[in-house]
Amino acid sequence: QALLIFYDLLNGNGTEAISNFERMTNGNADTFDLLSLLGFADYLDCTFLLAEEYQKRAQFESALRHYEEVFREDQKWNYFRHFRVEIKQRIRDIYCRYLARGAKPRVAILYYRKLLSEYDFPKNERAFFYKKMAESYYELRQIELAKDHLAEAFRLKTNLTGAKKIQQRLNVFVSYNSSLSP
């Protein structure tokens, strides 16, 4: 059955693959050991293809779970090493474009914190996450936390775009302190 799922994914039969995968896992993918059934390389390929299929279906939490699994395992084994940046970008896109965008401010903050703590993104992307956290803290009326997060965003990227609105809302001009190290 595991090989059939993988075969269907490789041959563009995503509907059948997802149906079989969900039937085999009975709604609990965490207890289903695809690795022992397929071997490492096929397991990573299959899990990545499952993530892609879930993403195509706008089942973002399932897609994210599979992308994150591939990313974690790949860090141990370097199987996808040249493709790892793409996987990380897909994780970022799901968190930022789909999950955080429609989430309540407290939940959005948790998403951005996860991106900051578990993934090594470049400064400009980390600055964007801090700016989004500042906006969420502002919505929660936690003004000092909003200011702190916006200051961190500007510390990371002095010419941060899209921050004018939150700056005006906070009625503060955040400048880069050159004595801070990046």
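A helix here is a DSSP run of H or I of at least four residues, and helices are numbered from the N terminus. I keep in mind throughout that I am reading a predicted model.

**Entry 1: Ser-136.** I looked up Ser-136 and found it in helix H8, which covers residues 123–139.

**Entry 2: H5 and H6.** Next I took helix H5 (residues 60–77) and helix H6 (residues 84–100), whose axes come within 10 Å and cross at roughly 150°. Angles over 145 degrees count as roughly antiparallel, so I wrote down H5 as roughly antiparallel to H6. The crossing of these two helices, H5 and H6, is left-handed. On the H5 side the contact includes Phe-60, Leu-64, Tyr-67 and Phe-71, while on the H6 side Ile-87, Ile-91, Ile-94 and Tyr-98 are among the residues that make it. Sorting the residues of the contact of H5 with H6 by class, I have twelve nonpolar, one polar and six charged.

**Entry 3: H2 and H4.** Last, I turned to helix H2 (residues 14–25) and helix H4 (residues 40–56), which pack at an angle of about 110° with their axes 10 Å apart. Since angles of 65 to 115 degrees count as roughly perpendicular, I recorded H2 and H4 as roughly perpendicular to each other. Gly-14, Thr-15, Ile-18, Phe-21 and Glu-22 of H2 make the contact with Leu-50, Glu-53 and Tyr-54 of H4. By class, the contact of H2 with H4 has four nonpolar, two polar and two charged residues.

Definitions and conventions:
Residues numbered from 1 in each chain as written. Predicted model: local features only at pLDDT ≥ 70, side-chain atom pairs only at ≥ 80, totals over all residues. Heavy atoms only, no water. Axes fitted to C-alpha atoms, helices over the stretch in contact; angles between N-to-C directions. Parallel < 35°, antiparallel > 145°, perpendicular 65-115°, else oblique. Left-handed = near helix turned anticlockwise from the far one by under 90°. Contact = heavy atoms within 4.5 Å. Nonpolar A, V, L, I, M, F, W, Y, C, P; charged D, E, K, R; others polar.
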